[in-house]
Amino acid sequence: MDARSPRGSAVVPGLRHGADHIAPDCAGQNFYAIDRGLRDLLRLYLGPDDFQRLEYHFDRLGALAGGRLDELARIADRHPPVLHPRDRFGRDEDWIDYHAAYREMEQIAFGDFQFHAMSHRAGALGMDRPLPAVAKYTLQYLFVQAEFGLMCPISVTDTSIHLIRKFADAELREYLLPKMLSDDVATMWKGTQFMTERAGGSDVGAIETTARYEAGEWRLTGDKWFCSHADADVALLLARPEGAPAGTSGLALFALPRRLKDGRRNAYRIVRLKDKLGTRSMASGEIVLEGAVAYLVGAADRGLKQMMEQVNLSRLSHGVRAAAMMRRCVNEAMVCARTRSAFGKTILEYPLLRRQLLKIMLPAEQSLSMFLFAADAMDRANAGSSDAESLLRILTPLLKFRACRDNIPVATGAMEIRGGNGYIEEWVQARLVRDAHIGVLWEGTSNINALDIIIRAVGKSRAHKPLQATLEKLLDQATVIPASFRDRLRQTLDRSLQFAERVAADPMEEEHARQAAGGLYHIASAVLMTSEAAQAGADARRALYARLVLEHRLAPRDPLTPHDGAWEQPATEILLSERIASLDEIAGLLQARA
Ligand SMILES: Cc1cc2nc3c(=O)[nH]c(=O)nc-3n(C[C@H](O)[C@H](O)[C@H](O)COP(=O)(O)OP(=O)(O)OC[C@H]3O[C@@H](n4cnc5c(N)ncnc54)[C@H](O)[C@@H]3O)c2cc1C
């Protein structure tokens, strides 16, 4: 345990130097118990049986995230992994040392909760079948409120298992899956994905790693430039078999084991670890493949297509991680705002600070609704719904694109609300600011995700059509919400879809892809929050968030006039209060135009 001063308490007994002026943090809170929005939405998206069986574990993880995991995450961030390239005999037996805090977090994630296996087999958390996606991503959301770095190895092991189950032949499945699905942290095989090379991250077709088939096995030669979870036991990667065409169509998918069947190290080396801005607890490195043995996964000419399944699963998880970090920011910002005094008042009383808080809360709530909606679509797609599959096709990059972008100003805003202490590494805000930025890089930058949404999901797959139908149906069903507000949402939905279609149809409009993608995200989240507010017993305040999205993200406005109507001040009062609201109380605030 870190030998530093006690944390989590504004008043440290025995100190006489003004410690009680410092706002406390969220240490010791249960991040599930304090998340009313999450608890309401889980009742909507999880069947009652699953909710009943799993709530104990949500609560348990919520307590860990505000407690032990949070402590471990802080220590692991301060003690990043260290690469040892050779052993003492000079053999290239590279290995990475992790701090005991990281190892303890692994035990919680892979041993106790079995995040990596919960979608693939029964047995995790006492379930008699794999967990629904809604439950898995909820658990990720709770975990990441404490620890972000380790979620990469957790998630990429989960997604590697998915690819091997779906595309590998029976022999490879039998070889890898029992090891990867194990819950014995000491012996299990964890997965990862190495795609990016110096020649190309976005431009995957530029990959230069080659695969040669000789003496009955594939051998890979090349240089992977960004390899997170660098010492994983099995990596999925793309390489070009000799003689295959240039570009993406010539890429095949391989599984690269760290150790060969006879126990020797495979012929690749981790040559160095990256010195990173964030995700410091987890090791990202560079890897040189020197004729390494690998197993072909699926068809040799479908490598990228297969790999995109992993990319899309990771994108969804990244959206969830951004939602989680934004929630942590909200929790921290609220504690500061309620306890820090300036000029004789708590800072929560100042109008400008209240506005800042709303700017943190709004994107956090949008992403919560969007990730649960996407996870629900995944569950329905897995159950055979082709509409839900199309829905997931567009929701995944939408969530990744917008939530990961929002996470950056939200983290900065939460840091600012803590004042100067927010910049100091012994408070979580500094780490949240550092960690937030990776979300716009890995699994595709913002541009790449926006192009995926507009050119491919809208233009080619027409996935916006089922999105439109689903959102319209939700609006039709939300009859308790004032009709004028639902009409405004409907009209804005139409305009957003028309804009997206126009950009998709005309290559000259490509520069507007991000704007169009943002519009779709915002209107989808506004409709969802309206529909959620309309549920019996739900917190109707979600409809006020929907109106904020409408006015501040989707409506035209003059930068030189105040853009809040008379409705916004009472709405802010209600949103910043610690209670829930009824529809009767807020209905009037949805009616008037700003
Ligand atoms: C810490 C860290 C860990 C990582 N871990 C992994 C890992 O484990 N496995 C892995 O495979 N990769 C990993 N990556 C790599 C990451 O996915 C890439 O860095 C990312 O996809 C961007 O690729 P690039 O760096 O080559 O940038 P580039 O592709 O060169 O992009 C540079 C800029 O050009 C823009 N751009 C490119 N094409 C277009 C276009 N058509 N239209 C408009 N703009 C465009 C991009 O948006 C970006 O702003 C990691 C990266 C980091 C930083």
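Does Lys460 count as buried or exposed, and at what relative accessibility?

1. Lys460 counts as exposed, at 63% relative accessibility; exposed means over 50% relative accessible area, buried under 20%, and partly exposed in between, with a 1.4 Å probe and protein chains only. Lys460 is found in helix α12. Its C-alpha atom and that of Pro81, 379 residues away along the chain, are separated by 43 Å.

2. On the basis of the note: this is a predicted model, in which local features need pLDDT of at least 70 and side-chain atom pairs count only at pLDDT 80 or more, while totals for chains, interfaces and linings use all residues. Residues are numbered from 1 along each chain as its sequence is written, and side-chain values use heavy atoms, with hydrogens and water left out. Helices (H or I, at least four residues) and strands (E, at least two) are DSSP runs, numbered from the N terminus.

3. The ligand is surrounded by 20 residues, of which Met195, Thr196, Ser202, Ser228 and Thr445 are the closest; a residue belongs here if one of its heavy atoms lies within 4 Å. By class the shell has nine nonpolar, nine polar and two charged residues. Nonpolar covers Ala, Val, Leu, Ile, Met, Phe, Trp, Tyr, Cys and Pro, charged covers Asp, Glu, Lys and Arg, and the others, Gly among them, are polar.

4. A side-chain N or O atom of Asn447 is 3.0 Å from a ligand nitrogen, and a backbone N or O atom of Gly201 lies 3.0 Å from a ligand oxygen. The protein covers 65% of the 980 Å² of accessible area that the ligand has on its own, by the Shrake-Rupley method with a 1.4 Å probe. Elements giving two or more residues to the shell are β3 (191–194), β5 (217–228) and α12 (446–460).

5. Helix α3 (residues 68–78) is largely enclosed by the rest of the structure, because eight of its eleven residues are buried. Among them are Leu69, Asp70, Arg74 and Asp77. Their cover includes α2 (48–66), α4 (100–113), α5 (133–144), α8 (303–339) and α11 (428–436), with contact meaning heavy atoms within 4.5 Å.

6. With a disulfide taken as a pair of cysteine sulfur atoms within 2.5 Å, the count is zero. For Cys336, the nearest cysteine sulfur is that of Cys26, 8.0 Å away; Cys336 is buried, at 1% relative accessibility. Cys404 is also buried, at 3%, and its sulfur is 13 Å from the closest cysteine sulfur, in Cys152, too far for a bond.

Conventions
Polar contact = N/O pair within 3.5 Å; in protein donor to acceptor, adjacent residues only side chain to side chain.
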